[in-house]
Amino acid sequence: MTIREVQEKDYGKLIKLFKGFFKTHNIFQKANEEMIEYLKEQSKENKLIILEEDSIKGALFLVNFGQNSDGSHKLWKFRHFAFDSEETASKLLKEAEDKIKKSSKTAKIELTIAENERGIDFYKAKGYVQEARLTNHYRWGENCFILSKSFKK
């Protein structure tokens with residue numbers, strides 16, 4: 001098992017993982033070429049880490065979307081966290097959280113997850129708490145939940 005940052009050769013392989021995981025996602029219903037272009041563009045701004053074990057088993061973007069004036073507290077999101085099993089998800093989540101913990105004295109991760117996506121119970125079991133419910137957020141008639149977890153060195 002290897003957890004590393006994405007490489008050029010990985011983008012095409014990520015399509016199967018993302019399309020399989022996000023059944024109703026706007027981005028991952030597009031043509032493969034559009035998806036690859038999107039993933040490459042996002043990778044310029046945010047760190048895309050993958051878990052590989054013969055094939056790519058999990059991936060997520062680490063998105064830093066805010067911080068206080070001296071950088072001692074940072075706000076983070078996981079974008080497009082996809083995985084083939086809870087074992088993969090646990091390993092990738094630990095790596096992502098460890099990277100975030102090292103980035104500042106305190107940090108908060110916020111996740112926006114649609115009610116039909118896998119992972120809500122997984123995140124809650126890993127210490128994430130539900131802070132809000134958003135109605136009609138990504139799609140009409142669908143709820144999304146904001147889950148979060150905070151860290152202090």
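Helices (H or I, at least four residues) and strands (E, at least two) are DSSP runs, numbered from the N terminus. Angles like this one run from 0 to 180 degrees between N-to-C directions, with axes that are lines fitted to C-alpha atoms, for helices over the stretch in contact.

A quick word on what you're looking at. This is a predicted model, where local features need pLDDT of at least 70 and side-chain atom pairs count only at pLDDT 80 or more, while totals for chains, interfaces and linings use all residues. Residues are numbered from 1 along each chain as its sequence is written, and side-chain values use heavy atoms, leaving out hydrogens and water.

Now for the sheet. Two strands pair if DSSP finds at least two bridges between them.

Strand β2 (residues 47-53) runs antiparallel to strand β3 (residues 55-67), and seven bridges join them. These two form a hairpin with one residue between them, and D54 in the turn has a positive phi of about 70°.

Look for Q67, whose bridge partner in β4 is K74, and for L62, which stands opposite F78 in β4. Then β4 and β5 run parallel, joined by five bridges, with K77 opposite E110 in β5.

F78 turns up again in the largest pocket, as one of the residues closest to its centre, along with R79, H80, T112 and Y138. A pocket is an open set of points on a 1 Å grid over the protein atoms alone, where a 1.4 Å probe fits, with protein on both sides within 12 Å along at least five of seven lines; lining residues have an atom within 4 Å of a point. The volume is about 420 Å³, counted as the space filled by probe spheres set on the points, which are joined across faces, edges and corners. β4 gives the most to the lining, with six residues.

Finally, find helix α1 (residues 11-21) and helix α2 (residues 32-45). Their axes come within 10 Å and cross at roughly 105°, so α1 and α2 are roughly perpendicular to each other (that label covers 65 to 115 degrees). Residues making the contact include L14, I15 and F18 of α1 and M35, I36 and L39 of α2.

How values were computed
Angles under 35 degrees count as roughly parallel, over 145 as roughly antiparallel, 65 to 115 as roughly perpendicular and the rest as oblique. Contact means heavy atoms within 4.5 Å.
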